[in-house]
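Hello,

Here is the structure I promised to pass on. Have a look at it first, and then read my notes below.

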Amino acid sequence: KLSDPFHGYDRSIPTIFVMECVIMYLPDEASRNLLRYLAGNGAEADQSNQVDSFVTIAMYDPIPNNDRFGQVMLNNLQKRGITGQTHEDGERREQLSLERTPTLSDHLAKLNKCGFDIAVGCHMMDAYDYGIVSIDDRRRAARCEMLDELEEFVLLMRHYCLCVGVHSTGDRYKAAAATLCSDGKDSPIGFQEGRCTIVHS
């Protein structure tokens, strides 16, 4: 169980969870249960000890976007037995989060529904071009490896997203939650107005 004491998740301590291509591989309902638990909104969350809490999740995941390139992504995973309607033994497989949340909007709505009060996100091309990835980091990356196929790079980056969700209880962390998921010049992460989507529950 997620709530077993040895996991050491203390809701009274501000916490950030960083997930890089984790949610995509979980069955969709299991991913929702995990998000609900982290936000203190699930069946396994301890409702008896209500304390001011502040939890943030930062997720990097693919977004097939219901287009041709996205379908190629899904087909490649299906060939490896990761996605698809049935297991090798013929048993019906529950759809993965990747299959049920194919767009940035789907990811943000899911965070809201699972208990995160504010969620903000953008696809990785906008993260790269508009403030989240610094100019120095871009130069450093360019020195590591030359890009021959720029169009392919752009296509790939538009099929991955960065999402940040925040859930807070009590007045103590409300301002911090709003600031963390803000856009524009005051965004601590670098989300830019018009280049990201912000949703509130």
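Tyr 128 belongs to helix H5 (residues 124-129) and Phe 153 to helix H7 (residues 150-157), so parts 25 residues apart in sequence are tied together; helices are DSSP runs of H or I with at least four residues, strands runs of E with at least two, numbered from the N terminus.

Before going on, please note that this is a predicted model, where local features need pLDDT of at least 70 and side-chain atom pairs 80 or more, while totals for chains, interfaces and linings use all residues. Residues are numbered from 1 along each chain as its sequence is written, and side-chain values use heavy atoms, leaving out hydrogens and water.

Which residues touch the most other members of the largest nonpolar core? Of its 21 residues, they are Val 120, Met 124, Met 157, Val 164, Cys 181 and Phe 191. Such a core is a set of buried Ala, Val, Leu, Ile, Met, Phe, Trp, Tyr and Cys residues joined through side-chain atoms within 4.5 Å. Strand S3 (118-123), H5 and H7 are among the elements that each supply at least two residues. Another core, of 20 residues, lies apart from it and includes Ile 23 and Met 59.

Best wishes

Note on methods: Buried means under 20% relative accessible area, exposed over 50%, partly exposed in between (1.4 Å probe, protein chains only).
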